Amino acid sequence: MSSEELACKLQRRLRLEVRAETDQGGPQPAPCSVPAGHREPEPPARAPTASADSELNLKLSRRLDIHQGAARSRRAKVFNPYTEFPEFSRRLLKDLERMFKTYDAGRDGFIDLMELKLMMEKLGAPQTHLGLKSMIKEVDEDFDGKLSFREFLLIFHKAAAGELQEDSGLLALAKFSEIDVALEGVRGAKNFFEAKAQALSCSSKFEAELKAEQDERKREEEARRLRQAAFRELKAAFSA
């Protein structure tokens, strides 16, 4: 093999190794002419991997489900529980959020099947594996197999509206939790529809609750300030 042919082979190998750099604007070695009979075959194109095919199939299936109405498109807007669930008071929503975060062991903003299993066991209403999957499926809007906070609130929304079957695991969850949805959530209304009528004035009630929370914080701050002043006076008396 002549030195010219060897140099061309080395240059071609180098060009293959830095191909990724050339895609980002890096320098690319100039091609050289190779005598006939010494030309190396081009590397075969890579076939798509199984994982890429699977991911593409999942995306196409979801798009088809959304088009046919079997699934909802993911919301781009930020979820606001106070506007989407106006029949619930601020205190109830905070209690439900606290409960949701307690059982969201993974801190990923979802309650998966195993976390739901632990929740039902602690509430004293254990469920079978199929029962847990059925519970999630009943409120799983995006078909991801787990509960978001909005879907968690839907459980109590349906319970207050009387939309859950007596043998439903979701109804057991709502009943065995220490949150009285019927009284606190719909403000003592006899049924959900009366609560919806009350929700028409939700804006003023929301402002009243917010003002009450602010007043309570002010009272706590004033009490803390008085305690600190009394402590300073007591300290000064002992120092004299």
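Phe-79 has a relative accessibility of 24% and therefore counts as partly exposed, a class that lies between buried (under 20% relative accessible area) and exposed (over 50%), with a 1.4 Å probe and protein chains only. The model is predicted, so local features need pLDDT of at least 70 and side-chain atom pairs count only at pLDDT 80 or more, while totals for chains, interfaces and linings use all residues. Residues are numbered from 1 along each chain as its sequence is written, and side-chain values use heavy atoms, with hydrogens and water left out.

Of the 240 residues in the chain, 29% are buried.

A search of the whole structure finds six aromatic pairs. Rings of Phe, Tyr and Trp (its six-membered ring) pair if their centres lie within 6.5 Å, and planes under 30 degrees apart count as stacked, over 60 as edge-to-face and the rest as tilted. Phe-79 and Phe-149 form an edge-to-face pair, 6.2 Å centre to centre and with 70° between the planes. Because Phe-79 lies in the loop between helix H3 (50-68) and helix H4 (81-84), and Phe-149 in helix H8 (residues 149-161), the pair ties together parts that are 70 residues apart in sequence. Phe-149 is buried, at 16% relative accessible area. Both rings belong to one aromatic cluster, formed by Phe-79, Phe-85, Phe-88, Phe-100, Phe-149, Phe-152 and Phe-156.

Helix H8 also holds Glu-151, which is buried with a relative accessible area of 2%. Not counting residues up to four places away in sequence, Glu-151 touches Val-139, Asp-140, Glu-141, Asp-142 and Lys-146, where contact means heavy atoms within 4.5 Å.

Two further helices illustrate packing. Helix H6 (residues 113-122) and helix H7 (residues 129-139) pack at an angle of about 105°, with their axes 10 Å apart. The axes are lines fitted to C-alpha atoms over the stretch in contact, and angles run from 0 to 180 degrees between N-to-C directions. H6 is therefore roughly perpendicular to H7, given that 65 to 115 degrees counts as roughly perpendicular, under 35 as roughly parallel, over 145 as roughly antiparallel and the rest as oblique. From H6, Leu-113, Leu-116, Lys-117 and Met-120 meet His-129, Leu-132, Lys-133, Met-135 and Ile-136 in H7.

Key: Helix = DSSP H or I, 4+ residues; strand = E, 2+ residues; numbered from the N terminus.
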